[in-house]
Every structure is written in structure tokens, then in C-alpha cells.
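Trainee: Hi, could you walk me through this structure? I'm new to it and would like to begin with a single residue.

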Amino acid sequence: MTSITVPSPVANAENALLQFARTIQATNYQFTTATPATHERVNRRPDNEWARNLRDVFGWSRPFHTDLLPPDLFDQMRAGDVAVPHGDGWRSLVRLSSLHGQLFLHSAYPTVDADSVFFGPDTYRFADAIHQHFSSAATGSQKVRRAVDIGCGAGPGAIVTALARPEAEVLAVDINDRALSFARVNAILADTPNVQPRHSDLLTNVEGEFDLIVANPPYLVDPTERAYRHGGGPLGAGLSLAIVEAATERLAPGGILLLYTGAAIVDGGDPFRVAVEERLAAAPGISWTYREVDPDVFGEE
């Protein structure tokens, strides 16, 4: 009997994206992604209408002409379905950002689609918080057998965790299939085979307890309720509070939740902190800390 396996279009597209990302990685490409407001301001400057180099194409998301790219790179973009026509040239549907020595594939600017995968200044702060957790005298020696990044997006939280604890099983969960696709590519690109992307709404589709739970959920109020931006509730804190509740039920003894989020300050008060205090008061034996990292992350919001 002869069996024939038909390749999955999704698998083929992800493989093309992986080859594309590796091709860019080999050029020593680096790019730090700024806020959308900064991105818009920089791209409005004279002579920034069209790309002049790889950073313009895959960082600043500017349109380009095909003669700017090596032929194999453009072919990989077409195979990965991430090149779209733009005037007499093309635009990339993806960006690549550098973080802690790794490259991360994510959605191009502007992130307007419902399934956009955001990566920006919050991502860097989140990754730094995880790095500080593993470097701290108080928590750095924590034994991590199982970890999970809730709402993983492009996978930076899971990958930073996996690099710090290569012996751990690290799940990367999200409800956005496009995010999970990027996370799979990024995990391979970072050489972190212990990262396992899975489709799950919070922790509903995964089992067991976790020694470490990390999360950088959306916390804004988005009128169109795009998943990567909208936090839910009147002030955008709904998802963050849901993560706190889910984590308290699934942490192993001695386990830790590291939640990086935003809090709306109303008349000088922090309703999110009050809500966290109320929830954790009903969870005996849990200690917690709360630290302000930045007083005004997205001032234009």
C-alpha cells in the first residue's frame, strides 16, 4: 500500500515564513519597534514614503520595489503570502523586531486587522520584567517545570522564559490562530523547542498546574474590540482580572504569576489595583507585589 501525505497549506506558509525570517536573520538585521504614534510620525517625514533598505521594509513597514530585495527573499514572502501590491511596488504584511538578541515576526504597521499580532514598547518592558524575575535574588532560583504565557501573541514571553529555563515545558496560548502561527515560527527561529503554542482561551484548553504564569494582555478600550487591543470592561482591565482569577486556581505550590498590564488612573485612584486586592483577599496563602513601571505608556490614548 502506498500512502501519500498532502502538505498542509498552513504548514507550507509557516515554513516559507521561517525561511524568510532566517534569510533576514542572516543579514544581522535589527529593529526596535516604537509606539504606533511614533511610527506614524517618522513615516510622515520627507523622503520616507518608500523603503530604501531592509529596516524600512520590515521595520517601518514602508512600501518597496522588488529590486530592493534579494530575489529569494521576495520569493519567500510570496510563498508565505505576506507580500501585497502597493502602487507600482509592494508592501510587507509582517514586521521583524529584535529583542534580547532574538528576532520576532509579527504584524506590519498599521495593526488594524482583527487578528493583528502586536509587538511594541510594552513587549520590551514585559520581556525585561521576565528577565528581572529570573535574575532576582528572591525569585531567580525558582524551579520551573511547567510555564505558560497567556495571550502569547508572537510568543516573546514564552520564548524569553524558555531561553531562561530550557529544561521547562513552556506553553504559549492564545485565541488568535495568526498569533500562534507567528509564535511557532519565532520559537523555531529562537531555537526553543520547549515552547509549545496551543489554542486556548486563558487556560481552558490546557491541563495541570504551572510553576510560572506570565501574561501581557491587552488593556485598552477599543471601540471595535480587536482582540490584540481590547481588554474588556469599562476601563480595559477585564482580561487582566480574568487572568488573575485563572492563575490563582492553576498555580502549583510556590508558583508565581507575573502579570504586566496597564491600569487606568481615575481621579488619582487605581480601580484595577483595588479589584486585584479584593480578589486576592479571598485566596488565602497568596502574597503579591504591585509595581508601577511607567506612568504614561501611551499618552495619546
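Mentor: Happy to! This is a predicted model. Let's begin with H39, which is in contact with G59, W60, S61, R95 and Y109, leaving aside its neighbours within four places in sequence.

Trainee: How many residues apart in sequence are H39 and Y109?

Mentor: They are 70 residues apart in sequence, while their C-alpha atoms are 8.0 Å apart in space.

Trainee: Where is H39 found? And is H39 buried or exposed?

Mentor: H39 is found in helix 2, which covers residues 36-43. Its relative accessibility is 1%, so H39 counts as buried; the cut-off for that is under 20%.

Trainee: Nice. Switching to N186, what's its place, and is N186 buried or exposed?

Mentor: N186 is in helix 7. With a relative accessibility of 0%, N186 therefore counts as buried.

Trainee: Which residues is N186 in contact with?

Mentor: Setting aside neighbours within four places in sequence, N186 is in contact with L103, F104, L105, A154 and I159.

Trainee: Let's talk about cores. How many residues does the largest nonpolar core have?

Mentor: That core has 30 residues, and those with the most contacts inside it are F20, F58, F64, L69, M77, L96 and L105. At least two of its residues come from each of these elements: helix 1 (9-25), helix 3 (54-58), helix 4 (71-79), strand 3 (94-99), strand 4 (102-107) and helix 7 (177-189).

Trainee: Which helix gives the most to this core?

Mentor: Helix 1 does, with 5 residues.

Trainee: And F64, what is it in contact with?

Mentor: Beyond its neighbours within four places in sequence, F64 is in contact with W50, A51, V57, L69, F74, M77, G89, W90, R91 and S92. Another core lies apart from the largest one; it has 28 residues, among them Y124, F134, C152 and Y260.

Trainee: Last topic, helix 8 and helix 9. At roughly what angle do their axes cross?

Mentor: Helix 8 (residues 238-250) and helix 9 (residues 271-281) have axes that come within 10 Å and cross at roughly 20°. Angles under 35 degrees count as roughly parallel, so helix 8 and helix 9 are roughly parallel to each other. Their crossing is right-handed.

Trainee: Which residues meet there?

Mentor: From helix 8, S240, L241, V244, E245 and T248 meet F272, A275, V276, R279 and L280 of helix 9. The residues of this contact divide into 6 nonpolar, 2 polar and 2 charged.

Trainee: Thanks, that helps a lot!

Definitions and conventions:
Residues are numbered from 1 along each chain as its sequence is written. This is a predicted model: local features need pLDDT of at least 70, side-chain atom pairs count only at pLDDT 80 or more; totals for chains, interfaces and linings use all residues. Side-chain values use heavy atoms; hydrogens and water are left out. Axes are lines fitted to C-alpha atoms, for helices over the stretch in contact, and angles run from 0 to 180 degrees between N-to-C directions. Helices (H or I, at least four residues) and strands (E, at least two) are DSSP runs, numbered from the N terminus. Angles under 35 degrees count as roughly parallel, over 145 as roughly antiparallel, 65 to 115 as roughly perpendicular and the rest as oblique. A crossing is left-handed if the near helix is turned anticlockwise from the far one by less than a right angle, and right-handed if clockwise. Contact means heavy atoms within 4.5 Å. Ala, Val, Leu, Ile, Met, Phe, Trp, Tyr, Cys and Pro count as nonpolar, Asp, Glu, Lys and Arg as charged, and the others, Gly among them, as polar. A nonpolar core is a set of buried Ala, Val, Leu, Ile, Met, Phe, Trp, Tyr and Cys residues joined through side-chain atoms within 4.5 Å. Buried means under 20% relative accessible area, exposed over 50%, partly exposed in between (1.4 Å probe, protein chains only).
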